Amino acid sequence: MSALPGIDPTARTRGRWRDVWRMLIFSGKRLLALLLTVLAGVYLTILIANMGGQVDELRMVQIRGEISEAVRADPAFQDMSSEERNELIERQVDLEVERLNLDQPFILRSFDYLYRAMLLDLGRAEQMHSDAGSRQVFDIIVERLPATLLLFGTANLLIFLVSVWVALHLSRRYGSMLDRSVVGLAPSSAAPAWFYGMFLILIFAFVLPALPSGGMVTAPPPEDRLEYLASVVRHMALPLVAMFLSQIFISIYSWRTFFLIHSSEDYVEMARAKGLPEHLIQRRYILRPTLSPIVTSFLLMLIGLWSGAIILEQVFNWPGLGTLVFQAIGHRDTPVIIGTVVIFAYLLAATVFLLDLLYGILDPRVRIEGGR
Amino acid sequence: MRRWLEGLKQLRRYPSAVLGTGLILFLIGLAVYTVVAIPYSQALDLWRGGEQWRMHPVNASPVWTDRLRGGDLPETQIISSADVPPEEQPFPGGRRLRIPLSFDYDSSAFPSEINLFLAAEEQARAPFVRLIWQAPDGREEVLGGRRMAREERISISQDWALERRLGHIPHVGLMLDPETADRPDPAVLQGTHTLLLDVVLFDENAGLDADLVVYGRVHGVAGTDHQRRDLMVALMWGTPVALAFGLLAAVGTTVTTLVIAAMGVWYRGWVDAVIQRLTEVNMILPMLPILVMVGTLYSTSIWLMLGVVVALGIFSAGIKMYRAMLLPIREAPYIEAARAYGASNARIILRYMVPRVLPVLIPTFVTLIPTFVFLEASLAVLGLGDPVLPTWGKVLNDAQEQSALYNGFYYWVLSPAFLLMLTGLGFAMLGFALDRVFNPRLRNL
């Protein structure tokens, strides 16, 4: 694309090598910057999650309470004198404090947390465990990740493809009945997906019980592969429709406006004047130059939806990352909370990096100027 | 100034803007009325629940939904002894009162509950009360007698002995038509029912106050919740809370973001670099998980949440957009002129640069408000609502916790959701129209 006809082949290959080299430098720089960004973000999260060390005091009280309860209830220690028993409690509390590393100052532990978090060594959960029984935070999170990816990936892709496709059509039939009704419906997207989800549950799970109101598969899960798949699809239908409803009109509206603005550019008018067929104008003159903003906005939408996941998952009882955060917060399980936020941060950073990379490939200016 | 007025004039051409403005004005009116009619402290007190709601039914749906469906579900009736002249028989050392608490019952559905509240002033010896239920067809049922304390609540509906004797829950057993008693769905015996209080007071002058409450199945405009609280309180008070939260959060985030973007553009160099990096860090911080975290670990006060929302919103992605808009303005001749006459940095930023991009900011600002209103509701639905304030989200949360949909209390979910939707639509419609007026490229589309 960068090479023009009439330039000799060595210059062309040299140009390509130069492009690749610049892309590499560009992505290397971005990767480094993003790594630093993730570092800062994760450290902030650790600080907030620990309430600047105050959580430890809460936990100390909790540990002491639990241990004294256990010692008092244990018949083996019944005939001890109260001094002996107190001594035992003190010893056990010390052991527990050492096990949880609570005897170090918070600042030290926070850097320790940070170092391990960056290496994705997320530590052991304090209370929670994965469905397979593992206490490793990483295992707990990895177990939940596919559910979130499945639901949100499908929904986003669906919304994106449908809205771009519909918007292209609408921008050609601009001012028609359909066009005006989409514009009129766009404000309905002010409500988030869980809001529509509530109504969908009301209608399709209670008034006319056609679909399950929550969860991911029926309990117990069906043995047969196909049946399992069918069950997941049935459970996915309502949250998917909820997300679709809450996003589709606004994205069609913004894409339509975007395409309309770009189809009134002079070079498009020029192509029309030349008499090029409509589909060619759409592909070469409208879609190609707008490709990078389209990709950008798709990935930005992904970023926005990552954090919206918590409530939708909570409303539909979907066993994903969002529900996990909520449960972890209920258990005050700091490692799990930090772990999830770290994973969220990594996912967001990966999205941003993908964005930069695609931008570099799609937008020739980045290649030529080396990302300035 | 002229530009703004022109913009407003143009706005009238968009029906969605007019409708949106109407909705917003309605909500503001409701908010102002609420704050005046139910003062803040009273609202908190009411929402805390407890004794003051004892005469309200549990989970009663709104009256109008039932009437629209052609139903005749009963409303709550309170029969007070103050309105009934008692029959008095003095005897040495005290007197005997017969208080007939009668009420007309013409609904075809049974009441949801029957309670009797008794209050007697300080007396030397506790009075003795005997209760007799008289049905319209002349049947009498003795509900038993008891020595009463100074204040007493006799839950007739929860009298297990009576339930066993009648074979039905007391408020059904006492009021049913005896011919239909064996059917699975007994019918109500309509007419005048009476609860006769036969009281022996061991005091010459002291009296006794009795309130018979026949709880209905419908209540008021909004219905009641599981704690007998009138949902109207929360629906009304939710309006000022939602509007204030949305407005403050939107103002807080947009204005600070704009000013910071302008500062970065004006000072360039390391200031700009720091702002850019902070924005990037902020972009990967997941907003909602952090809010949830703060809510569970610190406090769920709505003001703290507002603070966190604003703090996280300051370095939002909007900075990049404003930066792009402000960069050409920096080089504009009028800024140079301002510098020439010696305007300070702060003056240039606040009086020369920021006002130039304000028109573009207005639509964003208006469309942001419902986002924050829904954010507050989202937090409340997750159980992280303000502990004392009644809000729409908290009503939704209560409804969800009590499985309102499963139990068929649709009003409980639908009415706060309707108000939320109204707010969302109002601001979004106005915002979209504003966007077209103030963004010239969109004007002809």
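What we are looking at is a predicted model, in which local features need pLDDT of at least 70 and side-chain atom pairs count only at pLDDT 80 or more, while totals for chains, interfaces and linings use all residues. Residues are numbered from 1 along each chain as its sequence is written, and chains are lettered from A and ligands numbered from 1 in the order in which they are written.

Let me begin where the chains meet, counting two residues as in contact if their C-beta atoms, placed from the backbone, lie within 7 Å. Chain A gives 41 residues to this contact and chain B gives 38. On the side of chain A that touches chain B, the largest share, eight residues, comes from α12(A), where helices are DSSP runs (H or I, at least four residues) numbered from the N terminus. That side of chain A has 33 nonpolar residues, eight polar and no charged ones, with Ala, Val, Leu, Ile, Met, Phe, Trp, Tyr, Cys and Pro as nonpolar, Asp, Glu, Lys and Arg as charged, and the others, Gly among them, as polar.

Turning to chain A by itself, we have domain 1 (30–119) and domain 2 (146–333), with bounds from an automatic or database domain assignment. Their centres, taken over C-alpha atoms, are separated by 42 Å. Just after α4(A), Leu120(A) takes a positive phi of about 60°.

Finally, in chain B, residues Leu231(B), Ala234(B), Gly238(B) and Ala242(B) of α7(B) meet Trp392(B), Lys394(B) and Val395(B) of α14(B). By class, this contact comprises five nonpolar residues, one polar and one charged.

Definitions and conventions:
Helix = DSSP H or I, 4+ residues; strand = E, 2+ residues; numbered from the N terminus.
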